[in-house]
Amino acid sequence: MARSAILFAAALSALAAGPALAQVGAPLQTPMPGAGTITAPDEIRYCLCAHQSVDILGARVAAETARHQEVQDRLAALDKQMADSKANVDVNQPDQVEAYRRLVEAREKTMAEFYYELTPRLQQLVARYNASTAAYNASCTTRSLDALMLENVKATLSCPVEP
C-alpha cells in the first residue's frame, strides 16, 4: 500500500510539471472502482486529467470565495456608513439628503450583486468542484497507477480544457 501511495504521489507531482491543458477529441475513460493497479493508458490519463481539473476548479473556488468576501466586506462597510450618517442627515439640506440617497443606492446595487450574481455563481462553482472531487476520489485515489505506463501517458498527456 505504501508503494501505491508513492506511485500516486509521483503521478500527481509529475502532473503539476506536465503539459498545459489542450482540447482533445477522445473522451476520457473513467477507471472502474476496485483494487489493483491502474494499467490502462486511458484510465491513467483520466486520473491525471481529473486531478488537474480538480486543481483548476479549486483555484477558481478560492478566487471566487475571495471576491465574495470582498463584496461582503464592502456591504458591511456600506451598512456601517449608512448607520453612522443617518443620524447626521439634515432633511432640510437637499445635498445631505442626496448624498444619503446615493449611499443607499450604492448599498442596494452591491446587495443585488452579492445575492443575485456572486452567491449563486459561487454556489454553482462549489457544486462543480465537489462533484469533480467526488468523481476523482471514487475512481482514482484508491488505486495506484502503473509507473511505466504513467511515464508513457505523461509524455503525451493532453487534457480537455476546463470550462
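Which residues are buried in helix 4? They are Leu150, Val153 and Lys154, where buried means under 20% relative accessible area, exposed over 50% and partly exposed in between, with a 1.4 Å probe and protein chains only. Seen down the axis of helix 4, these buried residues fall within an arc of 100°, so they line one face of the helix. The arc is taken over the directions from the helix axis to the C-beta atoms. An α-helix has 3.6 residues a turn, so residues three or four places apart point the same way. Leu148 and Ala155 are exposed and sit on the face of helix 4 turned away from its buried side. At the start of helix 4, a side-chain oxygen of aspartate 146 comes to within 3.4 Å of the backbone nitrogen of leucine 148.

The model is predicted; local features need pLDDT of at least 70 and side-chain atom pairs count only at pLDDT 80 or more, whereas totals for chains, interfaces and linings use all residues. Residues are numbered from 1 along each chain as its sequence is written, and side-chain values use heavy atoms, with hydrogens and water left out.

The chain as a whole has four helices and zero strands, in the order α-α-α-α from the N terminus. Helices (H or I, at least four residues) and strands (E, at least two) are DSSP runs, numbered from the N terminus. Of the 163 residues, 32% count as buried. The accessible surface comes to about 9700 Å², and 59% of that belongs to carbon and sulfur atoms; the areas are from the Shrake-Rupley method with a 1.4 Å probe, and for residues only the protein chains shown count as cover. A contact means heavy atoms within 4.5 Å. Among contacts between residues at least 6 apart in sequence, 81% join residues at least 24 apart.

In soluble globular proteins, nonpolar side chains tend to be buried together. Here the largest nonpolar core has 15 residues, and Ile44, Cys47, Leu48, Leu145 and Leu157 have the most contacts inside it. Such a core is a set of buried Ala, Val, Leu, Ile, Met, Phe, Trp, Tyr and Cys residues joined through side-chain atoms within 4.5 Å. Helix 2 (41–86), helix 3 (94–140) and helix 4 (147–155) each supply at least two residues of this core, and the largest share, seven residues, comes from helix 2.

Leucine 125, in helix 3, is buried at a relative accessible area of 12%. Leaving aside residues up to four places away in sequence, leucine 125 touches Leu57, Arg60, Val61 and Glu64. Histidine 68 belongs to helix 2 and is buried, at 14%. With the same exclusion of residues up to four places away, histidine 68 touches Phe114, Leu118, Thr119 and Leu122.

Phenylalanine 114 also takes part in the one aromatic pair of the structure. The ring centres of phenylalanine 114 and tyrosine 115 are 4.9 Å apart and the planes stand at 90°, so the pair is edge-to-face. Rings of Phe, Tyr and Trp (its six-membered ring) pair if their centres lie within 6.5 Å; planes under 30 degrees apart count as stacked, over 60 as edge-to-face and the rest as tilted. Phenylalanine 114 is buried at 5% relative accessibility, whereas tyrosine 115 is partly exposed at 46%.

Key
A polar contact is a pair of N or O atoms within 3.5 Å; within protein, one must be able to donate a hydrogen and the other to accept it, and residues adjacent in sequence count only if both atoms are side-chain atoms.
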